[in-house]
Structures are given as C-alpha cells and as structure tokens.
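Thanks for asking me to look this one over. Here are my notes, as numbered points, to read alongside the model.

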Amino acid sequence: MKTERFGEFGGSYVAEPLKKCLAEISQGFEQAFNDAQFKEMHHRLQRDYIGRPSPLYFAEALSKDLGGARVYFKREDLNHTGSHKINNSIGQALLAKYLNKKRVIAETGAGQHGVAMATACALLSLECIVYMGAKDYHRQSSNVQKMNLLGATVIPVTSGSQSLKDSMNEALRDWVNHSESTYYAVGTAAGPTPFPRLVRELQKIIGIEARRQLLERETTLPDQVIACIGGGSNAIGLMHAFYDDKKVELIGVEAAGKGIGSGLSSAAISEGTIGVLHGNRSYYLQDTGGQVREAYSISAGLDYPGVGPEHALLHKTGRAKYVSATDKEALSAFHYLARTEGIIPALEPAHALAYVIKTAPSMRKDQILLMNLCGRGDKDMTIVQEAMDAH
Ligand SMILES: *Cc1c(COP(=O)(O)O)cnc(C)c1O
C-alpha cells in the first residue's frame with residue numbers, strides 16, 4: 001500500500017483494526033481504477049445517470065452587471081440529485097461492489113452526502129446505513145425522508161455534540177465491528193488515507209471538463225478558479241486540473257459565519273491550527289487546549305471544523321489562496337444570482353460567489369473567473385426564508 005501524505009498533512013491516524021479496512025480500500029481503489037470493465041461502467045453512469053459532462057455557463061448578465069471580468073460557472077448544480085456529491089457517491093458505491101461488500105455506511109451532516117449515497121446504493125442494490133447527528137436529523141427532515149424513500153436506514157447520533165463530527169466517529173465505530181461486510185464511504189476529501197485522494201480522483205472530473213470546455217470557448221485559461229470549502233471535495237475537484245497552470249490562481253472560499261474572530265465560523269484554514277482529527281493531520285478549529293471547536297455556518301454543507309489535507313498543503317505552499325465569506329455576504333450573493341441569472345444556488349457556492357462579486361469589478365474585461373456552482377438551492381429555501389424573516 002502506498003503511504004500517502006500531502007507534505008506534513010494527511011496520514012492515517014486510526015486504531016489498529018481499521019488499518020486493515022483502509023488497506024483493503026487502498027488496494028481496491030488502485031485495481032478498480034485500472035480495470036477496463038470498472039472504468040466502462042463508471043463512465044457510463046457518469047454520462048447517463050449523473051448527466052456528465054455538466055455544462056460550462058458564461059454568466060453574461062452577471063458579468064455585465066459587475067462590469068469587470070467575464071464570469072463562468074461550472075454547473076455541478078445540474079447533476080442528478082443537485083450537487084457534485086453524486087460524483088463521489090457513484091464512484092465509491094461502484095468500489096464497494098468491486099470489493100464485494102453488501103453493506104455501505106456513510107456519515108452525513110445536513111444530509112446531502114447521505115442522500116447522494118442512498119441514491120447510489122439504491123441504484124446498485126447495496127444496503128445503505130447513514131449516521132446523522134440527532135440535531136440535523138430533526139432540522140433536515142426532508143433529507144431524512146428522501147433517504148428513507150431511497151431505502152436507506154438513517155440512524156440519529158446522540159453522542160457528543162450530535163453533529164457531523166460525532167456521526168463520523170459513530171460510522172468509524174460501526175466499521176470496526178462489521179469490517180468484513182461493510183464499506184465506509186467518506187463524503188469529502190478528508191479522513192484517513194486513502195480517502196482524501198480517492199475522493200479527489202472521483203471529483204477531479206469537474207476541473208478536467210471545465211478546463212477543456214473553457215479552452216474550447218475562450219481559447220485561453222481562466223485567471224482565477226474559485227470554489228467554496230467545506231471538507232474541500234468540490235474545490236479540490238475543480239483545482240486539480242489547474243495545478244500545473246502556474247498563471248491560474250486557485251481560490252478557496254471558507255465560511256466565516258458570523259465573522260472571523262466571532263467564534264461562530266467554519267474557516268479552518270483562516271482561523272484554525274494544525275492538529276489531528278478523523279484520522280488525518282490538517283488544519284482544524286481548536287481551542288488552546290487542542291479541543292476541536294464546534295463549527296458554524298448558515299450553510300450546512302460548509303459546517304465542518306476542518307479541511308482536507310491536500311488543501312492544507314496547497315495553503316502552506318501558497319499554491320492556493322484561502323479567503324472567507326460571511327453568512328450575510330453569502331445570503332446577499334444568493335439573492336443576487338437568483339435575480340441576475342435566474343439561478344438559485346445552494347448556500348455553499350453562494351460563498352464562492354460572494355468572492356466573485358467582490359473581485360470581478362476591479363478586473364479587466366478580458367480576464368476570466370471560473371467558479372464552481374457546486375449545488376442548487378432547493379434544499380436551502382427554509383433557511384433563506386428564516387434569515388429573511390429575521391430582518
Ligand atoms: C457538501 C457540500 C459542500 C461542501 O463539501 P465539499 O467537500 O467542501 O465540497 C459544498 N457544496 C454543496 C452543494 C454541498 O452539498
């Protein structure tokens with residue numbers, strides 16, 4: 001097995017029994033990705049089930065209104081189930097099948113990864129168990145309902161802070177007890193080796209397509225590529241294809257919640273320190289005693305106290321730049337996109353859009369911003385309405 005690190009970040013800090021499970025996935029991953037039959041099936045589902053390639057859209061009205069750079073959106077919101085998450089879920093469900101596992105477990109925060117995983121498992125006839133923090137279980141009942149409809153079992157997690165962090169711990173516990181039959185599908189480019197690289201390999205199609213589509217359209221590369229950061233999977237998926245294009249700036253936008261320094265944010269790079277959680281070394285929101293602090297964002301998908309190890313390295317080396325946007329800025333961007341382009345975005349990419357809105361006006365008209373519109377806003381209607389009522 002390859003030992004995988006991203007510089008000083010990443011690794012595999014797990015209890016002994018899990019080492020075997022992780023090694024099995026590492027090996028299966030290498031084999032499957034070189035197996036012609038696996039690749040053919042994967043490609044077919046990407047095309048006919050997810051709907052790939054997703055379009056690259058020139059936001060002409062928005063660009064004109066901002067009066068500077070030309071803004072392009074990679075439309076991952078148009079995928080089946082409404083976000084980039086399905087890219088990962090289909091790939092890992094296929095891998096579970098390849099490894100002859102009958103039972104798939106997943107952790108979920110607000111339920112987006114849970115729904116995507118339940119979808120992939122329904123398609124491929126796999127049993128699916130989703131661990132979900134009890135608080136989210138009650139707050140996000142429509143996602144629970146969807147998972148149930150898709151045939152998954154949703155287990156509310158009542159330990160600890162009853163959040164995503166605790167769901168992940170609970171899923172890891174289940175895995176130790178059922179390692180023979182069970183595949184654990186991590187939802188973002190974090191966790192122990194091999195998950196950060198496995199998830200990136202399944203998401204990098206976003207950047208590969210977008211780079212090719214933009215070259216066809218504009219015959220030039222973008223000046224900046226921009227994506228929001230929860231655990232970092234949609235961002236790493238977009239950025240990866242541009243690593244060697246040294247002139248292309250890579251921008252990750254974290255959730256600043258109520259503001260940097262307010263104690264209510266999810267900005268693990270902007271405000272965090274280096275530590276170990278969920279089996280890998282990266283940046284985490286921690287108090288001075290090294291306790292991981294609860295994350296907060298209006299956007300449930302960005303509400304994670306850490307960031308994947310590859311982003312930690314991109315930050316440390318300076319190859320990518322990490323900025324943040326507050327709840328308020330994201331909400332304002334959300335409304336702006338709905339009005340200017342007739343697109344209701346998810347609150348997660350609304351954070352990336354907040355950066356675009358700040359940045360585009362001071363750029364030249366021949367410059368290009370490429371942003372990952374990684375999800376649609378249907379799931380956020382109640383949250384947005386509540387925020388509007390509060391004002
Ligand atoms: C889950 C989610 C995110 C955050 O996860 P990443 O792994 O950082 O991409 C962002 N956007 C949407 C729409 C999501 O569902």
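1. Let me start with the charged pairs. A salt bridge here is a side-chain nitrogen of Lys or Arg within 4 Å of a carboxyl oxygen of Asp or Glu. By that rule the count comes to 22 salt bridges. This is a predicted model, in which local features need pLDDT of at least 70 and side-chain atom pairs count only at pLDDT 80 or more, while totals for chains, interfaces and linings use all residues. Residues are numbered from 1 along each chain as its sequence is written, and side-chain values use heavy atoms, with hydrogens and water left out.

2. Accessibility is sorted into buried (under 20% relative accessible area), exposed (over 50%) and partly exposed (in between), using a 1.4 Å probe and protein chains only. Asp 48 and Arg 47 form a salt bridge whose closest N and O atoms are 2.7 Å apart. Asp 48 counts as exposed at 52% relative accessibility, and Arg 47 as partly exposed at 43%.

3. Lys 379 is partly exposed, with 27% relative accessibility, whereas Asp 380 is buried, at 2%.

4. Please also look at the network of salt bridges that links Arg 52, Lys 74, Glu 76 and Glu 209.

5. Which peptide bond involving Arg 52 is cis? The bond from Arg 52 to Pro 53 is, with omega near 0°. Pro 53 lies in the loop between α2 (36-50) and β3 (56-58); helices (H or I, at least four residues) and strands (E, at least two) are DSSP runs, numbered from the N terminus. A cis bond also runs from Thr 193 to Pro 194, with omega near 10°. Pro 194 is in the loop between β8 (182-184) and α9 (195-203).

6. Positive phi values deserve a glance too. Ser 125 is not a glycine, yet has a positive phi of about 55°. Ser 125 is placed in the loop between α5 (112-123) and β6 (127-133) and is exposed, at 64% relative accessibility. Gln 162, also a residue other than glycine, has a positive phi near 55°. The loop that holds Gln 162 runs between β7 (153-157) and α8 (164-177), and the residue is partly exposed at 25%.

7. How many disulfides does a search of the whole structure find? The search finds zero, a disulfide being a pair of cysteine sulfur atoms within 2.5 Å. Cys 121 is in no disulfide, and its nearest cysteine sulfur, that of Cys 128, is 4.0 Å away. Cys 121 is buried, with a relative accessible area of 1%.
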